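Subject: Model handover

Hello,

Here is the model I said I would pass on.

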Amino acid sequence: MKLFLCVLFSFLVISNTLADDKYEKAMKKNLSKMDTTNSAEGFVEIANGFERIALAEKDKWLPYYYVSFCYTLASYSEKVNAAKDVFLDKAFSFLKISDSLQADNSEVYTLFGMIAQARMQVDPMNRWMKYGAEADKNFTKAVKLDTLNPRPEYLIGTGLFYTPEQFGGGPVTAKPVLEKSLDKFNKFVPASDIAPNWGRKNLEGMLEQINKKG
Amino acid sequence: MKLLFTLFISLLCSVSILSQTKISGTIKDKSNQPLPGANIFIKDSYDGVSSSVDGTFTFTSEEEGEAILVASFVGYKTFEQKLLLDGKPQTVDIVLEEETTELGAVTVSAGSFEASDEKKAVILRPLDIVTTGADADIYSTLETLPGAQQIGESEGLFVRGGSAAESKTIVDEMIVQKPFYTGVPDVPSRGRFSPFLFKGTIFSTGGYSAQYGQALSSVLILKTQDMPTQTVSSINLMALGFGGSHTQVWDNSSLSAEAGYYNLDPYFQIQKQRVDWVKAPESFEGSMNFRYKTSETGMLKAFTSYSYGDLSLNVENLDQPDLRDFFRMKGGNYFLNTNYREIFDQDWVFFSGYSFSYDFDDMDIAPNRIKLRETLNTGKVTITRNVSSNLFLTGGGEVQNIIYQDVFNELEGKLNEVYLAGFLESDIIITNDIALRLGVRGERSKLLDKINVAPRISLAYRLGTFDQLNFAYGQFYQTPAKDFLMWTRDFDFEKATHYIVNYQYIGTGRTFRIEAYYKDYSQLAKGNVFTHPYFNLPDVEFNNGGKGYAKGIDIFWKDNETFRYGYYWLSYTYLDTKREYLNYPTLAAPPFSTPHTFSAVFKYWLNDITTNVGITYSFATGRPYFNPNNPVFLGDKAKNYHNLSLNFSYITSIFNNFTVVFFSIDNVIGYNNVYGYRYSSDGTKKSPVLAPALRTAFIGMFISLGQTNPF
């Protein structure tokens with residue numbers, strides 16, 4: 001009997017690991033698709049994949065986080081302003097769930113800031129006051145929660161990079177912020193294979209552009 | 001043991017025997033259009049797929065037995081269906097129903113222009129208000145919308161044949177007794193509130209909700225900002241004065257304070273004025289704004305302000321050309337508005353508010369001395385219940401206590417009015433395409449000792465994703481002006497009935513609206529009052545027999561699409577109105593009305609010089625004026641009105657502080673507008689009513705300390 005229980009127990013452990021395996025495999029499969037698309041439709045399709053995982057694994061924050069991330073990227077690829085807002089609404093609602101599952105996570109607040117940045121870009125003249133401040137607030141919190149996370153500075157720098165010089169932005173202002181981010185990227189070790197680990201390539205692209213001009 | 005063994009075996013089986021079921025089908029919307037990119041999956045599993053461009057999908061699931069197939073797509077209601085997964089291929093054809101999202105949803109909107117940063121499908125943004133016209137005043141922006149008249153010589157909104165007294169301003173659900181600084185004859189005064197205070201504005205030109213009363217023509221509903229997001233200080237330097245503000249933000253609360261001092265004297269030295277100022281307007285104002293987040297969904301707001309002003313001038317006396325009448329006005333206003341809003345159990349919204357205002361004006365109109373005192377206490381409670389996703393009920397009540405004290409030399413008049421109102425309103429979404437708002441409002445005035453019951457109905461019918469038809473009907477009541485009630489209280493409420501038909505298209509970049517209306521006035525107060533405007537006319541006894549009508553067409557077009565860095569709007573108003581009230585001997589078109597009004601507003605962002613340019617052109621046909629020599633009452637018409645104004649907002653930074661330099665000129669072309677004429681008592685001499693200066697210019701600089709850039 002004892003033996004049998006042992007067998008049963010080990011079996012349960014194995015099936016659990018199998019399940020975790022299945023989760024990681026599915027997550028990785030979706031993550032690997034991220035680089036293959038640039039279109040809103042493509043990002044929505046990957047978001048759909050993450051959403052299926054999220055709804056089956058209701059206690060994990062990462063799938064929700066990635067659904068949100070995909071919809072944010074979809075908003076950047078979308079051309080119709082009204083549709084951008086619809087994507088960002090969806091991104092925001094999924095990130096709220098992620099935040100409730102994993103409180104005070106630097107990556108989550110980075111993404112909250114990124115969504116605010118994206119909202120602002122839909123209609124900068126009317127929205128900078130509200131969403132500019134909101135992005136700022138979230139990035140500041142993200143840095144505070146994890147000083148090693150390179151992504152808040154990457155996004156702050158990106159914002160500055162695309163802001164006209166007259167408004168206190170431009171490549172010169174962005175450079176030190178982006179360099180700080182690169183420094184952090186060099187030291188950054190993601191928590192797992194499926195933990196957030198994006199941004200480096202774009203960052204290097206921007207720095208290259210700045211250095212070429214400078 | 002046997003049991004455990006069975007359990008073990010069955011557990012094993014469930015893992016090892018993996019049968020697969022193929023599920024395929026199509027996904028479309030109600031009009032049979034395929035929906036590409038929808039998410040179709042088996043609930044609580046990873047199995048699923050996104051639909052392809054033609055709306056088809058195919059996937060296999062390793063689940064077994066009873067399962068739920070889910071289909072979801074942005075903007076549509078989630079679809080669920082039970083399936084039995086037994087290895088046999090299955091075909092499912094899914095039709096998704098549209099969710100009532102903001103864009104393309106049917107909304108009750110007859111007679112209203114909304115500026116909001118919360119809602120996506122609105123006609124105007126709050127910024128539109130700040131950057132229109134020459135003076136960044138809420139009210140002068142509203143004059144560029146159809147339905148409102150271009151009135152250059154006095155303050156107030158004149159909407160669809162209604163006088164200024166028929167339009168009311170509502171801040172956070174409560175009526176504001178004095179939304180303007182007290183005016184001087186022939187000089188319009190500004191609105192009391194800065195456009196920056198508000199996150200949303202609804203300008204209703206008719207047929208509005210049962211939640212509001214005491215306005216025969218129009219209500220302007222202003223919603224104040226919620227919690228500010230950052231601590232910031234600013235300095236404002238203007239040719240007319242200076243001011244500063246500070247906002248402090250804590251975790252759950254914020255406090256802003258603002259103060260300003262204005263003196264028009266230096267400006268008047270440079271810019272020649274037609275008005276003979278003895279003392280140019282000098283004023284002080286200060287305000288405080290407190291926000292406290294009581295919970296995730298609850299908010300307490302308090303706003304208080306104080307203003308004081310002093311001015312004097314000499315006014316031409318037509319009866320004695322060698323004499324000029326001295327006029328002095330000093331006065332002030334104290335205002336408090338505090339309110340609390342909370343959502344309970346997701347479906348109950350509770351609002352309560354209290355507002356107090358005290359207004360004092362002391363006038364010397366040689367040789368007369370006039371003192372006006374006005375105190376208003378008002379409270380309002382509203383409860384909204386979200387009964388289902390298709391039915392909202394709103395009910396509530398308000399009470400107002402208004403005390404007027406007028407002193408005219410030794411004569412003193414005092415009125416103490418208690419006004420009570422209750423309302424009930426339901427918003428019903430009958431189908432995805434039809435929305436109905438049914439409301440009723442009951443009011444009681446203590447002074448009149450009368451009650452009224454006013455029904456209101458609005459209907460919206462959606463024709464397509466972006467366009468809809470709207471209808472509205474409503475009865476509106478208003479207590480006659482205090483000038484009548486000082487003499488006798490033998491009056492009933494004044495009444496207007498509105499009928500409105502409207503077609504509107506709100507696409508992603510372009511908006512078109514056309515609205516036709518008919519307004520029937522009855523029970524208007526008649527009689528000679530202190531302010532009666534027309535002399536040489538037979539006396540009229542006090543009575544409630546005034547009447548009139550207004551009918552017309554309003555057209556509005558806004559285009560955000562054509563210009564990459566700019567947009568424009570055009571509005572046209574046709575108005576046919578006549579009324580008999582005050583001491584009018586007959587039905588006549590009132591002096592604040594004209595048949596044709598046109599406005600064009602164009603805004604452009606010049607990226608290279610980081611400057612926003614706004615151009616506003618307004619045109620109106622000449623308005624009627626009273627000529628005692630003309631046997632036809634109000635039979636003369638002034639010449640047509642033209643105005644072109646420009647404004648520039650240059651955005652820069654000064655010592656790393658974000659700065660906006662604002663410059664504007666009113667009446668650039670220098671067109672000499674004549675609003676009407678004033679006559680001497682014997683009718684032999686006349687003098688034109690003109691703007692205080694041919695052109696006006698404004699320059700100011702607004703510096704946000706410590707904020708380097710807006711992004």
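This is a predicted model: local features need pLDDT of at least 70, side-chain atom pairs count only at pLDDT 80 or more; totals for chains, interfaces and linings use all residues.

Chain A has an average pLDDT of 89, and 90% of its residues score at least 70. Within chain A, helix 3 (residues 61–77) has the highest confidence, with a mean of 96, while helix 1 (residues 2–33) has the lowest, with a mean of 75.

The largest nonpolar core contains 63 residues. A:Met27, A:Phe50, A:Leu62, A:Tyr65, A:Phe69 and A:Tyr71 have the most contacts inside it. Helix 3 of chain A is the biggest contributor to this core, giving eleven residues. Another core, of 38 residues, lies apart from it and includes B:Phe158, B:Leu447, B:Ala525 and B:Phe626.

As for A:Tyr65, once neighbours within four places in sequence are set aside, its contacts are A:Leu95, A:Ser98, A:Glu107, A:Val108, A:Leu111, A:Pro196 and A:Trp198.

Helix 3 of chain A also packs against helix 5 (residues 106–122) of chain A: their axes come within 10 Å and cross at roughly 20 degrees. The two helices are therefore roughly parallel to each other, and the crossing is left-handed. On the helix 3 side the contact involves A:Trp61, A:Tyr65, A:Ser68, A:Phe69, A:Thr72, A:Leu73, A:Ser75 and A:Tyr76. Helix 5 of chain A contributes residues including A:Glu107, A:Val108, A:Leu111 and A:Met114.

A second pair in chain A is helix 7 (residues 151–161) and helix 8 (residues 171–187), whose axes come within 8 Å and cross at roughly 160 degrees. That angle makes helix 7 of chain A roughly antiparallel to helix 8 of chain A. This crossing, too, is left-handed. Among the residues making the contact are A:Tyr154, A:Ile156, A:Leu160 and A:Phe161 of helix 7 of chain A, and A:Val177, A:Leu178, A:Ser181 and A:Phe185 of helix 8 of chain A.

In chain B, is B:Glu425 buried or exposed? B:Glu425 counts as buried, because its relative accessibility is 3%, and the cut-off for buried is under 20%. B:Glu425 sits in strand 22 (residues 411–431) of chain B. Not counting residues up to four places away in sequence, B:Glu425 touches B:Ser209, B:Ala210, B:Gln211, B:Phe392, B:Leu393, B:Thr394, B:Arg437, B:Leu438 and B:Gly439. Its C-alpha atom is separated by 26 Å from that of B:Ala165, which is 260 residues away along the chain.

Regards

Notes. Residues are numbered from 1 along each chain as its sequence is written. Chains are lettered from A and ligands numbered from 1 in the order in which they are written. Side-chain values use heavy atoms; hydrogens and water are left out. pLDDT is the predictor's confidence in each residue, from 0 to 100. Helices (H or I, at least four residues) and strands (E, at least two) are DSSP runs, numbered from the N terminus. A nonpolar core is a set of buried Ala, Val, Leu, Ile, Met, Phe, Trp, Tyr and Cys residues joined through side-chain atoms within 4.5 Å. Buried means under 20% relative accessible area, exposed over 50%, partly exposed in between (1.4 Å probe, protein chains only). Contact means heavy atoms within 4.5 Å. Axes are lines fitted to C-alpha atoms, for helices over the stretch in contact, and angles run from 0 to 180 degrees between N-to-C directions. Angles under 35 degrees count as roughly parallel, over 145 as roughly antiparallel, 65 to 115 as roughly perpendicular and the rest as oblique. A crossing is left-handed if the near helix is turned anticlockwise from the far one by less than a right angle, and right-handed if clockwise.
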